[in-house]
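Here is a quick tour for anyone opening this structure for the very first time. Have a look around before reading on.

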Amino acid sequence: MQTPSWLRPLPDDVRLEYPFASHRLEWSATESYHYVDEGNGSPILCVHGNPTWSFAFRRIVREFSPSRRVLAVDHIGCGLSSKPQDYDYRLQKHIDNLVKFVDELDLRDITLIGHDWGGCIGMGAASLRPERFSRFVLMNTGAFRSQRIPLRIALCRAPWLGTFGVRGLNLFSRAAMQMATERPRELSAAVKRGYLWPYRSWADRIAVDRFVKDIPLSPSHPSYATLAGVENGLNQFQEHPMLLLWGMRDWCFTPEFLHEFRDRFPNARVKEIADAGHLVFEDAADRVIATIREFLPSTAVDIR
């Protein structure tokens with residue numbers, strides 16, 4: 001029997017970038033939830049969006065695991081998690097999976113770091129388990145209803161042509177290596193290979209395609225009520241320390257999303273990185289690390 005693509009070893013150059021032990025929660029015959037778990041101490045939980053995976057947080061894992069426990073998950077269908085072809089790839093399911101992960105590992109005093117749809121999924125999980133989350137770092141993300149969608153993403157939602165481009169030609173993931181960063185030429189071959197490695201075939205790209213189609217723009221969309229619930233749950237975290245860390249040249253989660261977060265969380269710390277795009281942790285890795293490091297020790301809270 002052929003080894004599933006998500007269980008095959010990483011290339012040597014990718015492993016050098018991402019040298020972490022793999023951990024898995026085996027929930028069913030089709031649900032193998034992969035995650036990184038490095039270090040000890042108060043947990044930092046990193047949650048990715050589309051079309052990335054825990055590889056995106058490799059520098060954060062390396063930098064903070066000497067003093068804290070750093071975990072980075074792969075959503076089902078993404079990264080090194082299983083990629084079932086018959087699965088409920090909806091926002092609510094991703095939130096429920098993250099809640100199950102937090103419960104099974106009994107994580108408490110969590111610092112959430114969320115990027116892209118990982119911010120929404122993470123805030124959704126926090127709303128369901130507020131006693132377990134103490135502080136938040138949100139980067140180029142959204143967790144509320146919006147009508148803003150770039151044309152280039154809207155085209156990927158087309159029922160047949162969009163699916164062919166995303167799953168058949170891998171256009172969405174490949175485009176991210178050029179369009180989601182302000183300095184694509186500075187990404188090494190190993191880093192580009194790392195981002196793309198889990199998405200090498202039509203079957204591997206199922207969640208990438210489903211994420212794009214699961215953007216809820218109208219009340220008739222199956223995930224609209226879920227997103228509205230996440231949005232309604234934000235207010236309970238008004239008194240929690242929050243860092244909004246934004247690449248200001250992002251054409252997807254644009255500065256308008258940052259402005260709405262600032263309106264909702266007027267006490268949040270804000271770090272605007274003027275020359276960074278959507279993959280802010282690639283364009284400005286040192287500044288991202290330094291900003292998070294400055295934020296963490298001065299904002300310890302007891303929310304019990």
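## Around the largest pocket

Strand 5 (110–116), helix 4 (117–128), helix 5 (151–156), helix 6 (161–168), helix 7 (171–179) and helix 9 (206–213) each give at least two residues to the lining of the largest pocket. Helices here are DSSP runs of H or I with at least four residues, strands are runs of E with at least two, and both are numbered from the N terminus.

Before going further: this is a predicted model, where local features need pLDDT of at least 70, side-chain atom pairs count only at pLDDT 80 or more, and totals for chains, interfaces and linings use all residues. Residues are numbered from 1 along each chain as its sequence is written, and side-chain values use heavy atoms, leaving out hydrogens and water.

The largest pocket holds about 690 Å³ of space. Among its 43 lining residues, I153, F172, V212, W251 and C252 sit closest to the centre. (A pocket is an open set of points on a 1 Å grid over the protein atoms alone, where a 1.4 Å probe fits, with protein on both sides within 12 Å along at least five of seven lines; lining residues have an atom within 4 Å of a point. The volume is the space filled by probe spheres set on the points, which are joined across faces, edges and corners.) By class, the lining has 30 nonpolar, nine polar and four charged residues. Ala, Val, Leu, Ile, Met, Phe, Trp, Tyr, Cys and Pro count as nonpolar, Asp, Glu, Lys and Arg as charged, and the others, Gly among them, as polar.

What about disulfides, meaning pairs of cysteine sulfur atoms within 2.5 Å? The count is zero.

| Cysteine | Nearest cysteine sulfur | Relative accessible area |
|---|---|---|
| C156 | C252, 11 Å | 16% |
| C252 | C156, 11 Å | 16% |

Helix 10 (residues 224–233) is largely enclosed by the rest of the structure, because seven of its ten residues are buried. Those are Y224, T226, L227, A228, V230, E231 and G233. Their cover includes helix 3 (91–104), helix 4 and helix 11 (255–264).

Zooming out, the protein chain has 13 helices and eight strands. Its C-alpha trace spans about 50 × 40 × 40 Å along the principal axes. Of its 304 residues, 59% count as buried.

Methods:
A disulfide is a pair of cysteine sulfur atoms within 2.5 Å. Buried means under 20% relative accessible area, exposed over 50%, partly exposed in between (1.4 Å probe, protein chains only). Contact means heavy atoms within 4.5 Å.
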